[in-house]
Amino acid sequence: MNHFDIFQAQYKAWSILSRSFKTGRVASTYLFHGSEGLGQWLLAVSFAALLNCSNPRKTDDNQHPFYPCGECRNCRNIYGLNFIGLFAVAPIGPYKKLDEAIEMTNEFVEKKRQEPLGRLSALGSLMLPIDMARLVKKNLSLIPDEGTTRVAIFYRMDKMLASSADALLKLIEEPPSGAVIILTAERPEALLPTIQSRAQGIKMDRVPTEVIVDYLMKKYSQEKSKALLIARISEGLPGYAVDMVAGEEDDESSRRSVGLLLYKTLLTESPAAMILLMDELIDFKNRSEVDNLLYLWQTLVRDCSYYAMTGDDQGLINIDFVPEIIKLSRYFGPPRVTDGVTEAIKNTLADLPLNVHIQMAMAALVLKIKRTIKSAPVSAG
Ligand SMILES: [Zn+2]
C-alpha cells in the first residue's frame with residue numbers, strides 16, 4: 001500500500017465510492033473532476049482494488065463502510081499496477097504507430113508506480129491518444145476472467161480531442177458488463193455534454209495539510225518543518241507538493257508561490273493571521289528576499305487593479321497566476337485602494353535599505369494595507 005492516505009485525503013469521494021460498493025450500486029462510468037494532483041489516480045486505483053479485493057475490509061463507519069484489504073493477491077497486483085483487468089489511457093506526446101503509443105503509456109504507468117500523485121509534465125503538448133482508447137475498448141469487449149471487475153482509467157479526459165471522444169461515446173455510455181470506466185478531468189465542462197451526463201461526477205477536494213505533511217515525511221523523509229512549509233505552499237494540492245520535493249519546481253517558481261500565498265493571505269485574512277504566516281515563511285534577516293517579495297506584490301497589485309478596471313486577462317504580467325488575480329481583483333475596485341496600497345509598498349521598499357527593523361516594517365505595512373482596503377467596500381462577485 002501507498003503511504004498516502006487517499007481515504008482521508010479524498011474523504012467525501014471515497015465515501016461515495018465505498019457506499020456504492022456496499023449497496024451494490026456501482027456506476028458504470030465515473031468522472032473524477034478537480035485540479036490534477038489531488039489524488040485522482042490513486043483514488044481510481046484504490047477503487048479498482050476494492051472492486052476486485054478478495055477480502056474487503058468492512059468497518060462500522062457509515063461514511064466509509066469498505067476499504068480494499070491491500071494484502072490479497074488482487075490488491076497487491078492492482079496497487080502494483082500489474083493487473084490484467086486494469087487499463088489506462090493517458091496523455092502522451094506525438095507518436096507514429098500504436099507500438100509507440102503503448103510504450104509511452106507504459107512510461108506514464110511506470111511514473112505513476114513511482115509516484116501516484118505526480119502530475120503530467122508541463123513540457124510539450126500532450127494528448128490522450130485515440131489509438132490507445134480503441135485498444136482498451138477492444139480489450140474490454142473480450143470476455144473477462146470470472147470474478148474480475150475490469151477498470152479502465154482515462155486519465156485527463158480533457159486532453160482528448162472532442163472528435164476522438166465522440167468515437168468512444170458508446171463505450172462510455174454503455175461499458176461492457178463487469179467493467180467500470182473512470183474518467184478524470186480538471187474541469188467537467190471541458191468534456192462533451194453527452195459524456196458529462198452519462199458519468200457520475202465526483203468532485204475531488206483540496207487535501208488536508210496534515211495528510212500531505214505525513215506523506216512528505218514518510219515517503220520523502222522530509223523534516224517536519226520543511227514538510228509543513230511545502231504542504232502550506234501547495235495549498236492542498238499534493239501533486240504540487242511532490243513536484244516541489246522532487247525539485248521539479250525550481251527555486252524561482254516556489255519563491256513566487258510563497259509570494260502569492262502571502263499576498264492572498266494579506267488580502268483575505270486577518271492582519272494577525274498574515275503576521276503569523278510571514279513569521280513562518282519569511283527570513284527577515286535576508287533583505288533581498290523581502291525586497292523581491294515586495295516587488296512581486298507590486299506587480300500583483302498592478303495586475304489586480306488592471307483586471308478590475310478592464311476585465312482583460314490578456315494584459316496581465318503574472319501570467320502564471322491568472323485565476324488568482326481574477327479572484328483577488330475584487331479588492332481593487334476603487335482606484336484609491338490601488339494608489340494607497342502601491343504607495344505603502346513603495347514606502348516600505350524605500351525604508352528597507354535604511355536598516356529599519358524589517359520584521360516590524362513588514363508588520364506595519366500589513367496593517368497599513370489592511371486599513372486601506374477596509375476603507376473601501378469590496379465589490380460583490
Ligand atoms: Zn484485497
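How closely do the axes of helix α9 and helix α11 come, and at what angle do they cross? In this predicted model, local features are described where pLDDT is at least 70 and side-chain atom pairs count only at pLDDT 80 or more, whereas totals for chains, interfaces and linings use all residues. Residues are numbered from 1 along each chain as its sequence is written.

The axes of α9 (residues 209-220) and α11 (residues 238-245) come within 11 Å and cross at roughly 35°, where axes are lines fitted to C-alpha atoms, for helices over the stretch in contact, and angles run from 0 to 180 degrees between N-to-C directions. Helices (H or I, at least four residues) and strands (E, at least two) are DSSP runs numbered from the N terminus. The crossing of α9 with α11 is right-handed, a term that applies if the near helix is turned clockwise from the far one by less than a right angle, anticlockwise being left-handed. Ile212, Tyr215, Leu216 and Tyr220 of α9 make the contact with Pro238, Ala241 and Val245 of α11, two residues being in contact if their C-beta atoms, placed from the backbone, lie within 7 Å. By class, this contact has seven nonpolar, no polar and no charged residues; Ala, Val, Leu, Ile, Met, Phe, Trp, Tyr, Cys and Pro count as nonpolar, Asp, Glu, Lys and Arg as charged, and the others, Gly among them, as polar.

Helix α6 (residues 130-141) packs with helix α7 (residues 162-173) at an angle of about 10°, the axes lying 10 Å apart, and the two are therefore roughly parallel. Angles under 35 degrees count as roughly parallel, over 145 as roughly antiparallel, 65 to 115 as roughly perpendicular and the rest as oblique. In this pair, Ile130, Ala133 and Lys137 of α6 meet Ser164, Ala167, Leu168 and Leu171 of α7, a set that divides into five nonpolar, one polar and one charged. The axes of α5 (residues 98-114) and α6 come within 9 Å and cross at roughly 85°, so that α5 and α6 are roughly perpendicular to each other. Leu98, Ala101 and Thr105 of α5 form this contact with Asp131, Met132 and Leu135 of α6.

Five strands form an open sheet with parallel pairing, in the order β4-β5-β6-β1-β7, where two strands pair if DSSP finds at least two bridges between them. Because β4 (86-89) and β7 (200-203) stand at the edges with a single partner strand each, one side of each is left without a neighbour in the sheet. Strand β5 (residues 150-154) is joined to strand β6 (residues 179-185) by five bridges, and Ile153 stands opposite Ile182 in β6.
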